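Here are my comments on the model. Please read them with the coordinates open.

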Amino acid sequence: MKTQGVDVNVTINNVLKTLTVAQDESLLLALRRASYFSVKSGCDDGTCGICIVLINGKPERSCKIKALTVEGAKITTIEGLGDAERLHPLQEAFMETGAIQCGFCTPAQILHAKALLDENSNPTEDEIRHALNGVLCRCTGYVRGVDAVQRAAAKMRDEPVEPFTHLEQILPEDIGHLKLPESFYRRDGSRNPLPPLVFTPLEMTTTHIVGKPEVKVDAKKLVQGRPVFTDDFRREGMLYGALLTSPHAHAHIRRIDASRARELPGVRAVLTCEDIPRIKYASGGQSYPQPLPYDQVSLDKKVRHVGDRVAIAAAETLELAQEALSLIDVEYDLLPIVVDPEAAMQDGAPIIHDEPDTESIHDPERNIVHHIEAHAGDVDAAFGEADHLFEGTYRTPKQQQVHLEPHVCITYFDEDERLVIRTSTQVPFHIRRMVAPLIGLPVKQIRVVKPRIGGGFGNKQELILEDLCAHLTLATNRPVRMEYTRTQEFTSSRSRHANIIRYKIGVKDEKVTAANLYLIGDTGAYGAHALTVNMVGGFKGLTLYNPPNVQFISDVVYTNTPPAGAFRGYGAMQCQFGIEVLMEEIADKLGLDVVEFKRSNWLKVGEPMHLSKSLGEGREGVEQSLQTSALDLCVDIGRLATDFEAKRQKHRQQDGRYRHGIGMAVVMHGSGIADLDMASATLKMNDDGSFNLLIGATDLGTGSDTILAQMAAEILGIPLEDIIVYSSDTDFTPFDKGAYASSTTYISGGAVRKAALKIKEQILEHASLMLGGIDMHDLKLQDRQVKTLDGRSISLAEIGLSSLHQQNQHQIIASASHKSPLSPPPTAAQFAEIVVDMETGKINTERLLMVVDCGRVINPATASGQVEGGMAQALGFALTEEMLFDDDGQPLNPNLSKYRIPRAARMPAMDVIFVQTDEPSGPFGAKSVSEIAIDGVSPAMASALHDATSLWMRELPYTAERVKAALKKAGH
Ligand code: FES
């Protein structure tokens with residue numbers, strides 16, 4: 001973008017600069033245009049705080065400041081901290097503690113912390129939380145950031161600082177002898193960050209790189225604010241794209257006229273439904289063939305929700321592109337609207353998909369996109385024989401993912417006239433396959449590049465902008481950039497399905513003998529992930545207690561609201577909320593100890609999962625049984641750490657305005673999609689003994705690049721720094737289904753392990769040759785060397801040089817693919833401690849503790865970060881987050897000031913304990929960890945709320961207004 005404007009002289013990072021800025025240009029845009037790419041944009045209204053820079057030492061939101069006004073100021077961005085040789089102590093501490101996940105918010109967090117430490121060298125934990133409160137982070141639970149600031153402050157005061165690590169304990173044979181480190185009892189009521197605690201069974205083998213809290217391989221570039229994200233890239237001649245969205249929830253487009261927009265100088269293309277071929281697709285990034293129906297087209301003649309696509313424009317500037325959109329004349333024929341899923345299923349409801357060319361909608365007249373049924377045993381007979389029958393209906397809200405980096409995409413033709421799509425996606429290979437027919441190019445003419453991603457949580461497992469951006473490049477033959485506004489993230493991306501969850505349970509002799517689940521899933525205007533999310537919900541929601549007689553029925557329903565899609569937890573968290581609360585209600589009604597009632601009923605090792613075959617993901621699944629679980633121990637360790645029974649006892653006597661409650665829930669998840677998910681990896685040896693690890697797996701900030709490299713390093717006997725990881729580029733990395741379904745550690749890890757074992761064999765073979773034909777079985781890889789039994793050794797660098805240049809010359813390289821017939825469930829116990837204000841209904845969460853069995857923990861720092869971040873997102877789901885719409889389908893809170901996600905200051909103490917098991921089907925015994933972390937908080941919160949108030953609240957979120965109303969109704 002060329003700017004004609006005013007010169008502003010500023011000192012940026014101690015260097016005098018002249019910025020030429022436009023009259024109304026924000027400092028944020030001026031700094032990014034001047035290549036200070038660490039300054040990020042994440043919202044439209046200054047709420048997120050990730051655009052923070054220091055102006056004369058004070059943190060300021062650069063999006064709210066006009067660049068014109070900073071003449072003479074001293075500005076600090078993260079690029080000005082530390083240097084290539086030496087990082088600032090805050091940068092070092094953020095790396096070391098695992099405070100960085102996606103890294104999109106990291107520069108702003110560090111700058112806030114720097115401003116604090118510049119004024120106060122020894123801040124309290126509360127002061128640090130308040131300093132970080134101005135910056136939203138959606139990946140972490142803020143815990144490691146607080147820890148990082150404490151460590152950096154101590155270091156800057158020249159006080160000794162222990163290296164960040166985890167606590168390890170061997171499991172005793174008898175839980176009665178188990179003692180936790182004193183800090184884990186939290187008897188002082190503090191919120192101070194604790195390192196994760198890892199319990200290991202005595203019989204588990206020892207590893208060297210696997211199991212260590214290695215610093216993330218991408219941490220340094222993230223902490224330095226290097227230009228690593230999709231939008232930190234400019235292409236000569238790049239145009240700016242913009243999307244016109246529908247102001248109406250349901251309408252036909254009677255007439256659309258873009259002529260005035262096209263005439264605007266600087267506008268290079270305007271495309272409407274009249275300019276783009278009508279090709280049906282489903283936007284969910286899933287394996288081929290994606291589940292039907294294909295109910296979308298790139299630009300349609302009908303709009304089905306506020307925020308639906310209407311037209312796109314590309315122009316020399318973003319302002320011009322937006323102006324062009326405002327000049328498009330659209331005449332709508334408004335249609336009746338339905339936003340409630342139960343109303344949408346009634347006869348006579350407005351039909352949302354009445355187009356004749358969408359196939360496989362189950363019942364278009366009643367807006368039912370999918371009707372799912374599955375059963376095992378004889379539910380009716382078992383209900384007839386039960387001692388007791390219990391029923392409960394639970395409601396969970398539509399939640400937005402709120403990844404801080406919006407959807408953003410840049411498309412261009414390279415020198416070979418191949419279309420390059422640089423995009424923030426979880427599924428680069430699916431995107432390439434899915435976009436090809438929409439834009440009329442063969443797959444081989446498309447290259448998808450995935451840079452670092454600023455969070456996704458499922459919302460980037462979706463074709464959102466790539467087809468539109470590519471259409472604009474095709475129309476203009478120019479590079480085009482498109483990015484969603486934060487409002488568009490709420491109205492035009494995806495969200496969690498809102499659910500109505502009806503359980504009926506039969507209990508005989510204190511055993512759950514039968515269960516029926518009727519699940520209504522609100523998929524919004526389109527059916528992306530509609531089938532699979534609700535299948536997973538039914539499977540997990542009926543397998544946690546796995547009664548032999550079981551029935552699942554689900555209707556997935558269109559409404560005139562923005563489409564639902566994939567979101568961490570993927571149906572399982574909603575249904576496990578329902579079943580866990582009902583199980584607790586049952587124990588309460590029958591006067592049973594809730595923990596023991598659940599324990600006698602939950603899925604046990606060796607038991608077949610009755611619905612695993614009938615509820616695959618979108619197709620028939622496979623028979624599975626549970627191979628490993630430490631759920632018993634997880635629960636008992638959590639009870640010990642929280643003093644669960646004693647607190648419950650004490651709470652029975654309390655009265656007054658503020659009431660304490662403690663709750664517990666158990667949850668399970670999966671590890672990839674059994675017999676479907678496939679990943680591959682390539683390892684290549686270099687002539688200094690280092691290795692390139694090429695993977696299609698997609699690190700969203702989760703640390704998957706790091707843990708996959710740890711697996712390879714473990715097998716090759718080398719430090720992590722000798723592995724150079726590259727992910728992902730459809731031209732250069734092998735296929736991976738992408739980052740979803742909790743599959744990366746388990747499935748992609750399986751591929752990396754196989755490739756590493758293959759390359760190890762090649763190395764030993766070559767070493768044998770170099771050592772005069774010594775038996776390969778007498779060789780071992782260790783400490784960057786191949787060692788013989790008689791004490792000789794040759795280095796990997798010598799082997800690399802020899803294989804490439806001297807003996808039996810060849811490239812030591814291996815690729816492997818992996819899929820699994822199983823999806824072994826991680827299991828966990830979630831504990832929540834709260835205080836309820838009986839007058840206002842406000843819940844203050846004091847502590848969240850998750851005790852998790854995710855198999856072997858590959859990296860305790862990244863794994864605990866996943867658990868803390870999952871609990872934080874779940875806390876929002878439980879207490880505040882809910883996308884709201886009026887009866888006309890107009891969104892009521894499509895921004896971050898009205899839709900409130902957790903901030904640092906009010907976060908509770910968050911603790912993570914791992915209880916390792918050795919999953920035989922997993923790489924090094926690993927299962928998954930990322931999604932189970934979000935599953936347990938809301939049922940544990942329900943349990944705690946009942947403990948505090950005697951209320952069973954069946955609808956989330958537990959806002960103060962909702963709790964207050966329930967208290968009032970109950971006579972408080
Ligand atoms: Fe904070 Fe991702 S690490 S938003």
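1. Helix α5 covers residues 143-156. At 1.5 Å a residue, its 14 residues should span 20 Å, and the end C-alpha atoms are 20 Å apart, so the two agree. Keep in mind that this is a predicted model.

2. Is α5 mostly covered or mostly open? Mostly covered: eleven of its 14 residues are buried. Among them are Val143, Val146, Val149 and the charged Asp147 and Arg151. The buried residues pack against α2, α3, α4, α22 and β33. Just after the helix, Asp158 takes a positive phi of about 65 degrees.

3. Asn893 sits in the loop between α22 and β33. It is buried, at 7% relative accessible area. A polar atom of the Asn893 side chain lies 3.0 Å from the backbone nitrogen of Leu884. Beyond its neighbours within four places in sequence, Asn893 contacts residues including Phe490, Lys898 and Tyr899.

4. The structure holds 74 salt bridges. In one of these, Arg278 pairs with Asp300, with the closest N and O atoms 2.6 Å apart. Both residues lie in the loop between β10 and β11, so the pair ties together parts 22 residues apart in sequence. Arg278 is partly exposed at 41%; Asp300 is buried at 9%.

5. Glu316 bridges to Arg478, closest N and O atoms 3.0 Å apart. This pair links distant parts of the chain, 162 residues apart. Glu316 is partly exposed at 25% relative accessibility, and Arg478 is partly exposed at 23%.

6. A network of salt bridges links Arg32, Lys40, Asp231, Asp232, Arg234, Arg481 and Glu483.

Note on methods: Residues are numbered from 1 along each chain as its sequence is written. This is a predicted model: local features need pLDDT of at least 70, side-chain atom pairs count only at pLDDT 80 or more; totals for chains, interfaces and linings use all residues. Side-chain values use heavy atoms; hydrogens and water are left out. Helices (H or I, at least four residues) and strands (E, at least two) are DSSP runs, numbered from the N terminus. The expected span of a helix is 1.5 Å times one less than its number of residues. Buried means under 20% relative accessible area, exposed over 50%, partly exposed in between (1.4 Å probe, protein chains only). Contact means heavy atoms within 4.5 Å. A polar contact is a pair of N or O atoms within 3.5 Å; within protein, one must be able to donate a hydrogen and the other to accept it, and residues adjacent in sequence count only if both atoms are side-chain atoms. A salt bridge is a side-chain nitrogen of Lys or Arg within 4 Å of a carboxyl oxygen of Asp or Glu.
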